[in-house]
Amino acid sequence: MLDLPPLTARRFAEIEDRVAALLRTGNDVVVTQGEALLPLEACIRGAVRPGSTALNVVTGPYGETFGGWLRSCGAEVVDLAVPFQTAVSAEQVAEALRERPETDFVSLVHAEAATGNTNPVAEIGAVVRGHGALLMLDAVASVAAEPLLTDAWGVDLCVIGGQKAMGGPAGVSAAAVSPRAWERIAANPQAPRRSYLSLLDWKERWTDAGRTALPHAPAQLEMLALEASLDRIDAEGLDAVTGRHRAAAAAVRAGVRALGTLSCYVVRDEDAAPVATTLRTPDGVDAREVAAAALRCDPAVPVQGAGGALAREVLRVNHYGPAASRGTVLASLRALAAALDGLGLKADAAAAEAAAQAAWQAASGA
């Protein structure tokens, strides 16, 4: 890994083009050399200026983070917060825009892995485009886990990372930028320049210059890992990858309902993200203890406690990337059953496994 030939500009550009194909976009794609928080903040600081009015949809902790960045740019921010166990609706977004017709920027998370919900971007994108505002979408958790049609949905700034459903690295990320968004960024005197957060620098020195000479030394190993994750998606087929994530989510939810004691935090199946299932514990049962007990039973399962205000009542089963598999789902349910049993709580492991197997087959056809 340490003595590889340098990553050429041509290969870097080819990786960008493959990311664009994954995002179903003809817009410029900038592959950024850092974790996805880098392009998320870069998009906000580039496109939002003092005097802007921004609608920030909050369905989990990342929406809360965006609100802080938006305010620090001098925007007036309207937070549209909905309960984390639900999704926002296009009607709620439309009503918020009617109440503040001057809104020119909307920030939205597609799938919130931390809370386990997913939002209807196609419908929301149509509303936002009809209003004339820019739409920024955090698709870090949703890319390769569920359909993501950047151009068809009218997404102006679409940010992804490779570390979840793509099964790739966390050290590189990407943003697809529409012509409307580039115009907004170019007209913003506060848009970062000569900065790691500058999308304009990359556009001028790389994209507009013909992508023949990299402006900085690339994060070579991470770029190669991103390329490898795209290879795996191509080999399996994107529809198969998204289908595997859909089946994993359905199996976990069905298994938990049959297990007993725990319940699905996101109430409606149609609001549930395909990358992670959040589970609520009964009153008096600390979710952190359940998660810790499950990991003692099987340290390999992707079970963890929720963060922040949800830590005591919610735990999370991740099923993205390689973990979106029947074997990992069943192992997670067995570990949860053993954990509950060890804590003296109701757990029907056999019923959970049978329900999960049936749900997986129904969702995947296999």
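Buried means under 20% relative accessible area, exposed means over 50%, and partly exposed covers what lies in between. With that in hand, welcome to a tour of this predicted model.

**Figure 1. A salt bridge joins Arg 18 and Asp 234.** The closest N and O atoms of this pair are 2.7 Å apart. Arg 18 has 25% relative accessibility, so it counts as partly exposed. Arg 18 sits in helix H1 and Asp 234 in helix H8 (residues 220–236), so the bridge ties together parts that are 216 residues apart in sequence.

**Figure 2. Arg 129 meets Asp 156 in another salt bridge.** Here the closest N and O atoms are 3.4 Å apart. The two residues come from distant parts of the chain, 27 residues apart: Arg 129 belongs to helix H5, while Asp 156 lies in the loop between strand E7 (134–138) and strand E8 (157–161). Arg 129 counts as partly exposed at 40% relative accessibility, whereas Asp 156 is buried at 0%.

**Figure 3. Asp 271 and Arg 268 form a salt bridge.** Their closest N and O atoms lie 3.0 Å apart. Asp 271 is buried, with 8% relative accessibility, and Arg 268 is partly exposed, with a relative accessible area of 45%.

**Figure 4. Asn 119 is a buried residue in a loop.** Look for Asn 119 between strand E6 (117–118) and helix H5 (121–131). Its relative accessibility is 4%, so it falls in the buried class. The side chain of Asn 119 makes a polar contact of 3.2 Å with the side chain of Thr 59. A polar atom of that Asn 119 side chain also lies 2.8 Å from the backbone oxygen of Val 109. Beyond four places in sequence, residues touching Asn 119 include Ala 87, Val 88, Leu 108 and Ile 124.

**Figure 5. The largest nonpolar core has 87 residues.** Ile 44, Val 93, Phe 105, Leu 148, Ile 160 and Met 166 have the most contacts inside this core. Helix H1 (residues 9–22) supplies its largest share, seven residues. Apart from this core lies another, of 32 residues, among them Ala 248, Cys 264, Ala 293 and Val 317. In soluble globular proteins, nonpolar side chains tend to be buried together.

**Figure 6. A close-up of the contacts of Leu 148.** Leaving aside neighbours within four places in sequence, the partners of Leu 148 include Leu 22, Leu 23, His 110, Trp 153 and Ile 160.

Notes
Residues numbered from 1 in each chain as written. Predicted model: local features only at pLDDT ≥ 70, side-chain atom pairs only at ≥ 80, totals over all residues. Heavy atoms only, no water. Core = buried A, V, L, I, M, F, W, Y, C linked by side-chain atoms within 4.5 Å. Buried < 20%, exposed > 50% of the residue type's maximum accessible area, 1.4 Å probe, protein only. Helix = DSSP H or I, 4+ residues; strand = E, 2+ residues; numbered from the N terminus. Contact = heavy atoms within 4.5 Å. Polar contact = N/O pair within 3.5 Å; in protein donor to acceptor, adjacent residues only side chain to side chain. Salt bridge = Lys/Arg side-chain N within 4 Å of Asp/Glu carboxyl O.
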